[in-house]
Amino acid sequence: MSIIESVCVYCGSSNGRDERHFQAGLTLGRSLAEARLRLVYGAGTKGIMGAVARGTMDAGGTVTGIIPKFLIRREANEVDLAELDELIVTEDMHQRKHTMFERSDAFVALPGGIGTLEEIVEIMTWAQLARHEKPMVFANIGGFWNPLLTLVDHMKQEGFVHSGHRVRPIVVDQAQDIVPAILKAAAQRASSNGEDQTIIDRL
């Protein structure tokens with residue numbers, strides 16, 4: 001995947017205790033809009049999810065929200081959902097995650113809870129299984145993801161992460177650096193693919 005048009009953001013549906021996490025959501029949303037990248041997210045209108053959407057929309061960006069029926073009242077309200085450019089209501093979480101994957105060219109994990117963790121780990125698993133080569137970013141605001149990154153390194157050292165070259169998430173410490181990191185990774189992938197094709201053509 002070399003062309004980035006939409007970015008999926010996984011994050012908490014609550015604010016968390018650290019104000020930096022909420023502000024990172026706003027910053028990322030603005031960055032997506034300024035780069036003319038569509039935000040794909042879980043359609044929550046509260047917490048960090050709401051911050052990312054609000055930051056995107058306030059900066060003139062476009063937003064696709066994807067949410068299962070049973071979560072609408074828990075994570076969103078109809079008034080705010082009406083502001084989204086596109087709203088997709090799914091039957092369950094499985095369909096939601098698959099739709100988010102299909103609609104996205106890159107993935108970002110901002111701080112969040114178990115749901116956020118499960119979503120980004122699944123994307124990493126699919127990368128390991130060669131189901132995609134889309135950029136994956138951990139927004140490590142205030143070192144939030146350090147424990148997980150340490151665990152992943154430990155798994156690699158113990159020989160449990162096979163095809164480790166496919167599981168190389170980008171770690172970014174500042175929200176304003178996320179979009180540039182995604183675009184750089186996409187450009188490098190395009191360049192690499194071009195070199196591979198040149199070699200093939202010579203054979």
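Residues are numbered from 1 along each chain as its sequence is written, and side-chain values rest on heavy atoms, with hydrogens and water left out. Because the model is predicted, local features need pLDDT of at least 70 and side-chain atom pairs count only at pLDDT 80 or more, while totals for chains, interfaces and linings use all residues.

The pockets come first. A pocket here is found on a 1 Å grid over the protein atoms alone, as an open set of points with protein on both sides within 12 Å along at least five of seven lines, and its lining residues have an atom within 4 Å of a point. The largest pocket has a volume of about 520 Å³, a volume being the space filled by probe spheres set on the points, which are joined across faces, edges and corners. Its lining comprises 18 residues, and Glu-133, His-165, Arg-166, Arg-168 and Arg-189 are those nearest the centre. Helix α8, which spans residues 178–202, contributes the most to this lining of the largest pocket, with six residues; helices (H or I, at least four residues) and strands (E, at least two) are DSSP runs numbered from the N terminus. By class, the lining of the largest pocket holds eight nonpolar, four polar and six charged residues. In this division Ala, Val, Leu, Ile, Met, Phe, Trp, Tyr, Cys and Pro count as nonpolar, Asp, Glu, Lys and Arg as charged, and the others, Gly among them, as polar.

The second largest pocket contains about 410 Å³ of space. It is lined by 26 residues, and Cys-11, Gly-12, Ser-13, Gly-113 and Thr-116 lie nearest its centre. Two or more residues of this lining come from each of β1 (6–10), α2 (47–58), α3 (72–75), α5 (93–102) and α6 (114–128). Of these, α6 gives the most, with four residues. The lining of the second largest pocket divides into 11 nonpolar, 11 polar and four charged residues.

Charged side chains also meet one another. Side chains of opposite charge can pair when their charged atoms come close. The structure holds nine salt bridges, each defined as a side-chain nitrogen of Lys or Arg within 4 Å of a carboxyl oxygen of Asp or Glu. One of them joins Asp-58 and Arg-54 at 3.3 Å, N to O. Both residues lie in helix α2, four residues apart, about one turn of the helix. Asp-58 counts as exposed because its relative accessibility is 58%, whereas Arg-54, at 29%, counts as partly exposed.

Another salt bridge links the side chains of Glu-86 and Arg-103 at 2.9 Å, N to O. Glu-86 belongs to strand β4 (residues 86–90) and Arg-103 to the loop between α5 and β5 (106–109), so the pair ties together parts that are 17 residues apart in sequence. Glu-86 is partly exposed at 25% relative accessible area, and Arg-103 is partly exposed at 36%. Together with Arg-38, Glu-86 and Arg-103 are linked in a network of salt bridges.

A further salt bridge pairs Glu-122 with Lys-97 (3.3 Å, N to O). Here the pair ties together parts that are 25 residues apart in sequence, because Glu-122 lies in helix α6 and Lys-97 in helix α5. Glu-122 is partly exposed at 21% relative accessibility, while Lys-97 is buried at 14%.

The loop between α1 (19–34) and β2 (38–41) holds Ala-35, which is partly exposed at 30% relative accessible area. Ala-35 and Pro-180 are 145 residues apart in sequence, yet 9.1 Å apart in space, C-alpha to C-alpha. Arg-36 lies in the loop between α1 and β2 and is exposed, at 79% relative accessible area.

Most residues other than glycine have a negative phi. Arg-36, however, has a positive phi of about 60°. Ala-43 also has a positive phi, near 70°. Ala-43 lies in the loop between β2 and α2, and it counts as buried because its relative accessibility is 0%.

Notes
On a 1 Å grid over the protein atoms alone, a cavity is a set of points where a 1.4 Å probe fits but cannot get out, and a pocket is an open set with protein on both sides within 12 Å along at least five of seven lines; lining residues have an atom within 4 Å of a point. Buried means under 20% relative accessible area, exposed over 50%, partly exposed in between (1.4 Å probe, protein chains only).
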